[in-house]
Structures are given as C-alpha cells and as structure tokens.
Amino acid sequence: MEYITMALFAIAISIVGIGEAIGTFKALDGIARNPEAGDKIRTTLIIGTALVETCAIYILVLGILVWFVR
C-alpha cells in the first residue's frame, strides 16, 4: 500500500512540475508579446511559482512521512 501511495505522490509532484512549466511558458510568451509589461508579469510569475512550490514541498513532506512511518 505504501508503494501505491508513493506512486501517487510522484504523480502529484510531476503534475506540479508540468504546471510550473506551463506557467513559465505563458509568462515568457506574454513578455515576448508585450515587453513593457515584463516587470508585472515577472513579479506575478515569481509569486505564483512560489505558491506552487509550496504545494510541492507539502507533497514531498507527506511522501517522506508515509515512507518512514509505515
């Protein structure tokens, strides 16, 4: 059962990575289309990425807890 849980955590972490990649791509696309808005887009991207990374850290901590507390 622990291996299934760890696989689900791995899938969740992968989804977080894909979400960050999509967000970065969209931000770079927005900056390329409108360079004057680059500062606002960059600030929003950094805040959004920090929130997504927080979710990834929580998933990692839960995965470690499940792995060591069997």
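Is Asp39 buried or exposed? I looked this up in what is a predicted model, and I noted that Asp39 is exposed, its relative accessible area being 54%.

**Salt bridges.** I found two salt bridges in the structure. Asp39 takes part in one of them with Arg42, where the closest N and O atoms lie 3.0 Å apart. Arg42 itself is partly exposed, with a relative accessible area of 42%. I noted that these residues are three apart in helix α2, so about one helical turn separates Arg42 from Asp39.

I then turned to Asp29, which forms a salt bridge with Arg33 at 3.2 Å between the closest N and O atoms. Because Asp29 and Arg33 are four residues apart in helix α1, they too are separated by about one helical turn.

**Helix pair.** I checked how α1 and α2 are arranged, and their axes come within 10 Å and cross at roughly 175°. The two helices are therefore roughly antiparallel to each other. In the contact of α1 with α2, I recorded 17 nonpolar, seven polar and three charged residues.

**Nonpolar patch.** Last, I looked at a nonpolar surface patch of about 1,100 Å², whose residues include Tyr3, Ile13, Ile57, Trp67 and Phe68. Both α1 (2–33) and α2 (38–68) supply at least two residues each, though α2 gives the most, with eight.

Methods
Residues are numbered from 1 along each chain as its sequence is written. This is a predicted model: local features need pLDDT of at least 70, side-chain atom pairs count only at pLDDT 80 or more; totals for chains, interfaces and linings use all residues. Side-chain values use heavy atoms; hydrogens and water are left out. Patches are made of residues with over 30% relative accessible area and no salt bridge: like charges are joined within 9 Å, nonpolar side chains (Val, Leu, Ile, Met, Phe, Trp, Tyr) within 5 Å. Accessible areas come from the Shrake-Rupley method with a 1.4 Å probe; for residues, only the protein chains shown count as cover. A salt bridge is a side-chain nitrogen of Lys or Arg within 4 Å of a carboxyl oxygen of Asp or Glu. Axes are lines fitted to C-alpha atoms, for helices over the stretch in contact, and angles run from 0 to 180 degrees between N-to-C directions. Angles under 35 degrees count as roughly parallel, over 145 as roughly antiparallel, 65 to 115 as roughly perpendicular and the rest as oblique. Ala, Val, Leu, Ile, Met, Phe, Trp, Tyr, Cys and Pro count as nonpolar, Asp, Glu, Lys and Arg as charged, and the others, Gly among them, as polar. Buried means under 20% relative accessible area, exposed over 50%, partly exposed in between (1.4 Å probe, protein chains only).
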